[in-house]
Amino acid sequence: MAIKTKKILVPLDGSKNSLRGLDMAIHLARQSQGTLTALSVKTVPGVYALHPLGFLDFNSMKEVKKILADAKLRAAKKGIQLTGKAIAGDPGYDIARFANNSKNKIDLVVVGARGRGSAKEIFLGSVSNYVLHKCKKPVLVVK
Amino acid sequence: MTANNFKKILVPVDGSKYSDKALKRAGELVDVFDSKVVVIYVVEKSVPINLLDRKEYLQILRKFGNKTLDRAHTILSKKEISAKLLLKEGNIVSEIEKAAKAEKCDLIIVGNKGLGAVTRFLLGSISNKISQSSSCSVLIVK
């Protein structure tokens with residue numbers, strides 16, 4: 001196997017498109033015997049990040065964790081190891097930062113063409129676009 | 001997984017080192033997925049060119065295009081991949097999209113930037129437009 005994509009990052013937001021991205025990543029990981037890292041970001045508006053009461057929202061990570069558990073199940077069915085990671089913050093910024101962090105050793109980022117923002121459905125999703133621009137690793141956009 | 005197979009890969013080249021990188025990446029993918037490669041060079045016609053020099057200018061561009069396609073061919077043939085070479089004329093993005101449709105490509109591999117020096121820090125304008133508007137998956141090599 002000549003392919004060097006050992007570690008693939010898949011940002012997930014629970015939308016259909018991100019699941020398509022996950023399927024593609026699983027497919028790629030099978031070919032290269034790589035591992036997947038799923039990243040799910042809970043959107044936190046900037047105001048709440050500063051506001052002390054913003055942290056009282058304990059339920060917030062539940063949804064994100066469920067997405068990750070689903071992804072883990074999906075990958076396990078195909079025999080691929082998947083490590084989930086949930087963080088809170090701004091999706092585009094945090095995905096790019098996670099991918100660029102050399103500690104994580106990401107070789108490839110696989111994103112769905114668009115996520116949940118329905119207003120921009122005709123175009124490439126705003127988050128995908130941000131990741132495309134800011135990420136220093138190869139990016140695969142799945143349509 | 002029939003939908004996920006990369007049967008045909010389109011690689012637009014412009015002679016920059018980023019497009020060489022894209023070619024190399026395409027070669028790796030071909031090893032794994034047994035896909036066919038289509039290499040395309042588009043002679044840009046949409047920029048307004050001085051009327052008098054137009055013919056000469058386009059000829060130079062065509063020559064350069066053939067040269068880059070030859071180079072792409074040698075890079076790929078080192079890995080024993082036979083690629084289909086295309087030389088098109090017109091608007092770069094729309095020609096690439098047309099080619100992707102005509103050849104029924106499943107994946108487009110582009111370098112993240114091309115020859116434009118102004119956009120050196122950003123994603124190249126062409127790569128950006130392709131990723132926005134193409135109907136198939138896009139791999140951006142950095």
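Reader: How many bridges join strand S1 of chain B to strand S2 of chain B?

Author: In this predicted model, S1 of chain B covers residues 8-12 and S2 of chain B covers residues 36-44. The two strands run parallel. Ile9(B) of this pairing stands opposite Val37(B) in S2(B). The number of bridges joining S1(B) to S2(B) is five.

Reader: Which strands stand at the edges of the open sheet?

Author: The open sheet is formed by ten strands with mixed pairing, in the order S3(A)-S2(A)-S1(A)-S4(A)-S5(A)-S5(B)-S4(B)-S1(B)-S2(B)-S3(B). Each edge strand has a single partner strand, so one side of it is left without a neighbour in the sheet. The strands in question are S3 (82-89) of chain A and S3 (83-90) of chain B.

Reader: At about what angle does H1(B) run to S4(B)?

Author: Helix H1 of chain B comprises residues 17-33. H1(B) lies across S1, S2, S4 (107-111) and S5 (137-141) of chain B. Its angle to S4(B) is about 145°.

Reader: Are H1(B) and H2(B) roughly parallel or roughly antiparallel to each other?

Author: Helix H1 (residues 17-33) and helix H2 (residues 54-78) of chain B have their axes 10 Å apart and pack at an angle of about 30°. Angles under 35 degrees count as roughly parallel. H1(B) and H2(B) are therefore roughly parallel.

Reader: How many residues of the contact of H1(B) with H2(B) are nonpolar?

Author: H1(B) contributes Asp20(B), Leu23(B) and Gly27(B), which meet Ala72(B), Ile75(B) and Leu76(B) in H2(B). One residue of this contact is polar and one is charged. The number of nonpolar residues is four.

Reader: In which hand of crossing does H3(B) pass H4(B)?

Author: Helix H3 (residues 92-102) and helix H4 (residues 125-133) of chain B pack at about 45°, with their axes 10 Å apart. These two helices are therefore oblique to each other. The crossing of H3(B) with H4(B) is right-handed.

Reader: How many charged residues does the contact of H3(B) with H4(B) have?

Author: From H3(B), the contact is made by Ile92(B), Val93(B), Ile96(B) and Glu97(B); from H4(B), by Ile126(B), Lys129(B), Ile130(B) and Ser133(B). Five of these residues are nonpolar and one is polar. The number of charged residues is two.

Notes: Residues numbered from 1 in each chain as written. Chains lettered and ligands numbered in written order. Predicted model: local features only at pLDDT ≥ 70, side-chain atom pairs only at ≥ 80, totals over all residues. Axes fitted to C-alpha atoms, helices over the stretch in contact; angles between N-to-C directions. Helix = DSSP H or I, 4+ residues; strand = E, 2+ residues; numbered from the N terminus. Parallel < 35°, antiparallel > 145°, perpendicular 65-115°, else oblique. Contact = placed C-beta atoms within 7 Å. Nonpolar A, V, L, I, M, F, W, Y, C, P; charged D, E, K, R; others polar. Pairing = 2+ DSSP bridges. Left-handed = near helix turned anticlockwise from the far one by under 90°.
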